[in-house]
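Student: I would like to learn how to read a few features of a fold. Can we work through one model together?

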Amino acid sequence: MHLTFCCTDTKAEPWLAGLRAALPGAAVSEWTPGAPPADYAVVWAPPQRFIDEQPRLRALFNIGAGVDALLRLRLPPGLRVVRLDDAGMAVQMAEYVCHAVIRQFREFDAYEAAQREERWAFRKPQRRADWTVGLLGLGVLGTRVAQALQGFEFPVIGYSRSPKALPGVISFHGADGLAPFLARSRVLVNLLPLTPETRGLLNRQTLAQLPRGAYLINVARGAHVVADDLLALLDSGHLSGAALDVFATEPLPAGHPFWRHPRITVTPHTAARTLRDESIAQIAGKILALERGEPIRGVVDPARGY
């Protein structure tokens, strides 16, 4: 069995060492142009040439949660694309979202401003019941985020493409469910996969359906958001602010209005980082299952995009 590694912007050697230890019977190597065919590949944003030169692949294992970059390539019919189920990312996502929600709910930005002015000033406590958090996407990450928010007793609602039932979460789904979901979301958290249907979904029309003063948290993909529409709704006061971890172009270009907007918090795509050891263990386990002819979780449906 031959496993190849092709991940842009990732140091290969720690991954290669970990994969060799987890799969001692396999040949493990980093891909270079012209390399011999492999049976399995661990990838992140590989070039089209990699796909074209690897006709024998049985499965592509993506080391991130999102597979949109892979699905933009010309993949041979029948090639399995496998995403990570979690591998330590869900708890990180829950931390990030809870921090952003609580920071806005408790008005910590106002306290930081008061500190800079050496001003001792209390804020009137807000009603938690008025801070319904809407989760746009109820997959593995959305489910973990919902559980964490419930621990702080925030009302949680969710939206998904098809019906989902999570304990304590009021769920909406389908085309008819989006508008009532948005209307009840004081905080909107985007956790959707990026597909042709969801690209540009967070635009003037949809974001305007949020209650006045709503807050946006985007931890999915930057291309979900129409930047000019978000800026217009922030400047008009319809939205009170946004925490943005992902952007249409990354790194976020110098001079982009998001950098200095007073109501936007920018972080560098760090809400949920891939944890190498956990990912290697999961990938190795799935490869061994495939070798035994057993089914595995996380196989992507190309028609749905996730």
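Tutor: We take strands, then a histidine, then a pocket. This is a predicted model, where local features need pLDDT of at least 70, side-chain atom pairs count only at pLDDT 80 or more, and totals for chains, interfaces and linings use all residues. Residues are numbered from 1 along each chain as its sequence is written, and side-chain values use heavy atoms, with hydrogens and water left out.

Student: How many bridges join β1 to β2?

Tutor: Strands are DSSP runs of E, at least two residues; helices are runs of H or I, at least four. Two strands pair if DSSP finds at least two bridges between them. Here 4 bridges join β1 (residues 2–7) to β2 (residues 27–30), and the strands run parallel. T4 has S29 as its bridge partner in β2.

Student: Is H261 buried or exposed?

Tutor: Buried means under 20% relative accessible area, exposed over 50%, partly exposed in between (1.4 Å probe, protein chains only). H261 has 11%, so H261 is buried. H261 lies in the loop between α10 (257–260) and β12 (264–266).

Student: Which side chain makes a polar contact with that of H261?

Tutor: A polar contact is a pair of N or O atoms within 3.5 Å; within protein, one must be able to donate a hydrogen and the other to accept it, and residues adjacent in sequence count only if both atoms are side-chain atoms. The partner is D235, at 2.8 Å.

Student: Which element gives the largest share of the lining of the second largest pocket?

Tutor: Lining residues have an atom within 4 Å of a pocket point. α5 (108–116) is one of the elements that supply at least two; the largest share, 3 residues, comes from α5.
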